[in-house]
Amino acid sequence: MTITSIQQQLATPEGFAKAVTPKSTIFGIAITSLVLSVIGIGMNLFQLGSASGWQWSLMFRFFFDAGAIEFTGSRAGRSEIWRFFYVYGPIVLLPLGIVLLIVHFATRGKAGAGLYDSYRQRGWIGRQLLPGLKVKNGNNQVDVAFISHPSVPDAEFEAAAHHYAGYLGTLDKKATKAAASAALKQKVLAGVSAAALAPGVPPAILAAPAQGAGQYVIVVPPDASGKGSLQVLPIKA
């Protein structure tokens, strides 16, 4: 895949839609709601089954009864709280997840068209190189990538990424952790100028979480008024 072939594919709305999927907060919330619902239902069935000797008639009879099982011992209070979540949580979360999924699929086309227009107006195709910096995002480790800008020659971009990689290679474990913490304070997870992490780097080069395993990504910055957020998205082959 070359940058020329990518530009040709992204030149039409149809090609763009096949290659780029907009990020969707609604979709993420929907999936989280459904997963939590499944966990709650599973735990509710497990507790009822354990208490009733897996008599399904009793399990279904008391499925929506948070007081069907009596907990004893020092952890009784905490168990009661979780019991209420297992019983009543799915009643809220399951319909919520389904509704949000419907909203997501109903608005996906409009969101894709809006992203395409934004890309055509102010976005670009960037190369991503990984200098070796990793930061924490919740419980996960995320690779930070340097992402090129059309105004920066390839040789200069590569030199900047390699220079920063060499710098990271000289750090011990404590200093590497400090560099990762500093990057998080600079909001690297949202995407920032790489100059915020490595002074002297051309400010147009971005530092952001790596997107997929491909060499190229699309970058869509906020509009001229500052509305919206920086988007860095993978390009599907």
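How exposed is Trp-54? Trp-54 is partly exposed, because its relative accessible area is 43%, and that label covers the range between buried (under 20%) and exposed (over 50%), worked out with a 1.4 Å probe on protein chains only. Trp-54 sits in the loop between α3 and α4 (56-61). Its phi is near 60°, a positive value in a residue other than glycine.

Before going further, a word on what you're looking at. This is a predicted model, where local features need pLDDT of at least 70 and side-chain atom pairs count only at pLDDT 80 or more, while totals for chains, interfaces and linings use all residues. Residues are numbered from 1 along each chain as its sequence is written, and side-chain values use heavy atoms, with hydrogens and water left out. The names of helices (H or I, at least four residues) and strands (E, at least two) come from DSSP runs, numbered from the N terminus.

As for confidence, pLDDT is the predictor's own score for each residue, from 0 to 100. The protein averages 88, and 96% of the residues score at least 70. Among the elements, α5 has the lowest mean, 84, and strand β5 (residues 206-209) the highest, 95.

Helix α5 is also where you'll find Val-99. With a relative accessible area of 47%, Val-99 is partly exposed. From Val-99 to Leu-45 it's 54 residues in sequence and 24 Å in space, C-alpha to C-alpha.

Now for the inside. A nonpolar core here is a set of buried Ala, Val, Leu, Ile, Met, Phe, Trp, Tyr and Cys residues joined through side-chain atoms within 4.5 Å. The largest one has 24 residues, and those touching the most other members are Leu-133, Val-135, Phe-146, Val-188, Ile-205 and Ala-207. Each of β3 (140-147), α6 (154-169) and α7 (173-185) supplies at least two residues of this core, with α6 giving the most, 5 residues. There's a second, separate core of 14 residues, including Phe-16, Ala-19, Ile-125 and Val-220.

Take a look at Val-188 in the largest core. Leaving out residues up to four places away in sequence, its contacts (heavy atoms within 4.5 Å) include Val-135, Val-144, Leu-197 and Pro-209. Leu-197 belongs to the loop between β4 (192-193) and β5, and it counts as buried because its relative accessibility is 16%. Beyond four places in sequence, Leu-197 touches Leu-133, Tyr-164, Ala-183, Gln-186, Val-188 and Ala-207. Its C-alpha atom is 10 Å from that of Phe-146, 51 residues apart along the chain.

Lys-187, in the loop between α7 and β4, counts as exposed because its relative accessibility is 59%. Its phi is near 65°, again a positive value in a residue other than glycine.

Finally, the open space. A pocket is an open set of points on a 1 Å grid over the protein atoms alone, where a 1.4 Å probe fits, with protein on both sides within 12 Å along at least five of seven lines; lining residues have an atom within 4 Å of a point. The largest pocket holds about 460 Å³ of space, a volume being the space filled by probe spheres set on the points, which are joined across faces, edges and corners. Its lining has 22 residues, and Pro-22, Lys-23, Ser-24, Ala-111 and Gln-231 lie nearest its centre. The elements giving two or more residues to this lining are α3 (25-52) and α5 (76-122). The largest share, 8 residues, comes from α5.
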